[in-house]
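Trainee: I have a new structure open and I'd like to learn how to read it. Could you walk me through a few features?

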Amino acid sequence: MNNYVYKQFKIAKVNQDYHIALEKCNYSVPFKYIKEEVEVRYSTQSVYIYHKHKLIATHPRLRRIDDTSTLHEHMPNTHQYINEKMNPERLRSWTKNIGEYSSVFVEDAFAEVEYNPQAYRKISAVLSLAKLYGNTELELALMYATQMRTITTKSIKSILDKKLYLTKSANNIPRERKSLFNNHTNIRGADEYK
């Protein structure tokens, strides 16, 4: 009896963090393949990644959404970051033009991952929202998201689209209205006339 392993096939593009996305999980490839198209063959147990029909990476299949498999040998040397388009210092520099909350967001994003490049996509996606909405709006949205503890790219975009940061603004605190009716204790109300 032959054991046949069913495999699926997919074309993927290597992201700037040198990982490919497969069914909401991330798998690393050697750093030099950034932005290249690769072929992915996968089963319930394994993931095989090919570039021009040459096997470049093998990983065990991940099960949980947002899990990441990163092989140490795929990581770039620190000195290579300097010449790459995306690197931690470039992202930190970008935040200086936006504001304090974006700087905190970037540092928190780096703190959440084992290797800095794993945060590049999330950071780029959020910081690029400043081009669409403006620096002030992004800062307000990040401040609101921090208070609500919902700091994902999707939630920040939603906050910006719906301008939810305005609902927490000091300018929008409802003020007590003066009543047209005197609430003095000596005045009889409707209950007195039943």
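**Reading strands, a pocket and a helix**

Mentor: Let's start with a pairing: strand 3 and strand 7 (residues 68-69) run parallel and share two bridges. Strands here are DSSP runs of E with at least two residues, helices are runs of H or I with at least four, and both are numbered from the N terminus. Two strands pair if DSSP finds at least two bridges between them.

Trainee: What kind of model am I looking at, and how do I count residues?

Mentor: This is a predicted model, where local features need pLDDT of at least 70 and side-chain atom pairs count only at pLDDT 80 or more, while totals for chains, interfaces and linings use all residues. Residues are numbered from 1 along each chain as its sequence is written, and side-chain values use heavy atoms, with hydrogens and water left out.

Trainee: In strand 7, which residue is the bridge partner of Tyr27?

Mentor: Strands of a sheet pair through backbone hydrogen bonds, either parallel or antiparallel. Here, Tyr27 has Ser69 as its bridge partner in strand 7. Strand 3 also pairs with strand 2 (residues 19-22), this time in the antiparallel sense over four bridges, and Leu22 stands opposite Cys25. Strands 2 and 3 make a hairpin with two residues between them, and Glu23 in that turn has a positive phi of about 45°.

Trainee: Which way do the residues of strand 3 point?

Mentor: In a regular strand the side chains alternate between the two faces of the sheet. In strand 3 (residues 25-28), Cys25 and Tyr27 point one way, Asn26 and Ser28 the other, and all are buried. Buried means under 20% relative accessible area, exposed over 50%, and partly exposed in between, with a 1.4 Å probe and protein chains only.

Trainee: Which elements each supply at least two residues of the lining of the largest pocket?

Mentor: Strand 3, strand 7, helix 3 (100-112) and helix 4 (120-127) do. A pocket is an open set of points on a 1 Å grid over the protein atoms alone, where a 1.4 Å probe fits, with protein on both sides within 12 Å along at least five of seven lines; lining residues have an atom within 4 Å of a point. The lining has 20 residues, with Asn26, Asp66, Thr68, Gln118 and Lys122 nearest the centre.

Trainee: Which residues in helix 4 are buried?

Mentor: An α-helix has 3.6 residues a turn, so residues three or four places apart point the same way. In helix 4, Tyr120, Ile123, Ser124, Val126 and Leu127 are buried. They lie on the same side of helix 4 because they cover an arc of only 170° around the axis, taken from the directions from the helix axis to the C-beta atoms.
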